[in-house]
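Let's take a look at a protein complex together. Have the sequence and the 3D view open as you read.

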Amino acid sequence: MAIPLKYNFRSIVIRWISAGMTVLGVAGVTAIFVVIFAMGIGMERTLVGTGHPRNLIVLRQGATETTSGVTRQQASDIAALEGIEKDAAGEALVSPELVVVANHPLRGGAKANLALRGVGPRGRALRGNIKVTAGRWFNPGLGEVVAGKGASGRFADLKVNDRPFIRGRSWTVVGVFEADGQAYESEVWGDIDDLRSQFKREYSSLIVRVKSDADLPRLAQVVKDDKRIQLEGKPHADYYKDQNLGAQMMKAMGFIIGFVLSIGAIFLAANTMYAAVASRTREIATMRVFGFSRLAIWFSFMLEAAFLGFCGGAVGSVASRFLFDGMTSGTANWATFSDMAFQFRVTPMLMGAGVILAMLMGIVGGFLPAFRASRMTIAHALREL
Amino acid sequence: MKYLRLVLRNALRNKLRTGLTVGGTAFLMFVLIFIMTALTEMEAWQGAAETHRRIAVQHSTGLATPLPIDLENFLRSEAVTRHAEHLQKLNWFGGYWQDPKNFFANFGADHLVVRELWDELSIPPDAYARWCAQKNGAIVGKSLATKFGWKLDQKITLHGTIYPCNPELEIVGIFTSSDIRQEEQLFFRWDYLDELMGGKKIVGTYWMKARSAEDIPKLKEIIDGHTKNSSDPTETVTEKEFGEQFMAMMGNIRTLVASLGTVVLIIMILMTANTVAMSARERVTEIAVLRTLGFTGGHVVLFVLAESVLVTTVGMVLPLAASLALFNGMKLSPNPQFFPYFLIEPRTIVIAIAAAVLSGLIAAAIPAELAARRKIVDGLRQVV
């Protein structure tokens, strides 16, 4: 027969200071684990998933959009290739683009690298998820730009009707757009020819919509081998996925730190449970006299330890959710050296993982103390003061 | 000191409890040292930068924009050279060797002033002479050469990611530095880079050495003032400010990592406080007896505090020694690409010691105070 849960619960209440400190300690460890992962998940959500599955990005070998260069000749040669989707008017779905970064003040006063992207007339359609949430889309030739929601929130002078001075001229912000939280939201978009004439640069990349999935690797090979082109073609989604270094780094950090801290918390839980067992020696013996089995006693203490862990995990996860979920932050995308806005994501899954981790801390920490409790001989335990 | 034996005996009385507390503290302390080192490692360059009086001229829109070659004439004019010397064109090449994963610092640099400008690097004189004679020569840091297994005279091809060219270099010299992190670089000649780029005269940054600390603000004024209304305005920064740009790019992640460290410290305090409170509760009678014997409340406070600090200090020594052995001794790094080295700085050691003592004191403060205040009769009467 099992020992009533009420017994454990009352015991915890009586030793509330010690129990409370243990719960808080476990909660702290859980919160650290959850917050680091929430950052990693947030960065990942920005990059992974960006890019239409049938889009190909064409760049110079090994380059990113901020360092790459594509000539007009190469661009028109690529647009003429077989396997590229056409729009209703029979034009190839290709967008020549130019990305430049500029050191621009943040709202707080410090500076960060803002990415400015010039897109061709089909650039927006090629993404398919760009929604204007304030103002309107830009018109070419007038120095008008639209700002992504993330960029608009982090940088100064990027609200509708602002006239930011970026790289030698002032531009007019005519709208703010959203893109399902993807990387584009950290950029400012304008017309490709406006940007090209301002920066006297060639294109940096070409976004191409292919007809079928099979055309993705085929066209990538063609642009590499064609003597006139000799560029690198990559599925657009992979291009962003490969920039996911920051998130991988965060998750790796989260694992190492979470793991080592959990061991620390296990020691804490063990200490508390040993003290609990020691102070209840006579109670344990009494219960054995009443006929509760060794297993029942072991189980009862394990349950108590797991419950302490659960409380800590719940407190830590819920607190992180309230304090951090949805918090907007930004960091450098080291692949492009431009600022990338992201949000902390304390997902229900992550909270669940935090609680499970915390319960594990309690269970592992409580194992030996519970074992000790179950091994006590009745006569010896009853005699003890 | 004469009470040390008592404190030690008390600490060792419940070996299991003390052991668990020391163990727990050790793991938490390891994380604290780890976090601190990640932060100092990110700032490492700035720390070394202050003593050399080097300044950089970069484009005001950021490092991605090149500077005009015409600026060199101005920077060599008397107006500037009065305050600075050893002008160098320095381009971040951003290339990789064989595989994009082999990412490291590589620059196209004016070779003639490398020794004077980067005077903490020791370049063997014959290697330097050979570099001056051989246009496709490159000098590499010893640590980098060891990492990639490069030997003198070896031919390597750098794959350009920013510049559309792949320099085929020959290693003509291996340099060393007092700061091992600076050995993670490769320099090749700016004129060779320019030749490969078809003589476009692209300049990433200009570097020079200010003649004195007072010259630095003057240089900023002179150079930035000169270019202010041109098509390529510049921003003249010290080496420290140059490094800080990259820190700023990280955003508030640093603040966040630092606050995680604080949370770890709080957990450590909770853990120790838990132990101290448990011990103090068990020793109520004993403390009352001590006081009957003539020990004062102050003595009791001292005993409790000393025991707590002893436990946290032992818990700090273990992970500190372990991480010094792993990171500074065996040169391990948790992420070799991001941190070529992960060296524990002296200030991290100081902070670790301070954190241990402080958490021991804070954890024991309340139990110590309670124990000292309790009336002797109450203490004697209490049945534990």
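Start with helix α12(A): a kink of about 40° lies at F367(A), shortly before the proline P369(A). That angle is taken between axes fitted to the seven residues ending at a residue and the seven starting there. Helices here are DSSP runs (H or I, at least four residues) and strands are E runs of at least two, numbered from the N terminus. Helix α12(A) covers residues 348-375, 28 residues in total, and reaches 40 Å from its first C-alpha to its last, close to the 40 Å expected at 1.5 Å a residue. The expected span is 1.5 Å times one less than the number of residues.

This is a predicted model, where local features need pLDDT of at least 70, side-chain atom pairs count only at pLDDT 80 or more, and totals for chains, interfaces and linings use all residues. Residues are numbered from 1 along each chain as its sequence is written, while chains are lettered from A and ligands numbered from 1 in the order in which they are written.

Chain B has a mean pLDDT of 90, with 98% of its residues at 70 or more; pLDDT is the predictor's confidence in each residue, from 0 to 100.

| Element of chain B | Mean pLDDT |
|---|---|
| Helix α3 (residues 44-49), lowest | 66 |
| Strand β6 (residues 137-141), highest | 96 |

Now for the two chains together: 40 residues of chain B are in contact (C-beta atoms, placed from the backbone, within 7 Å) with 45 residues of chain A. On chain B's side, α12(B) gives the most, with 13 residues.
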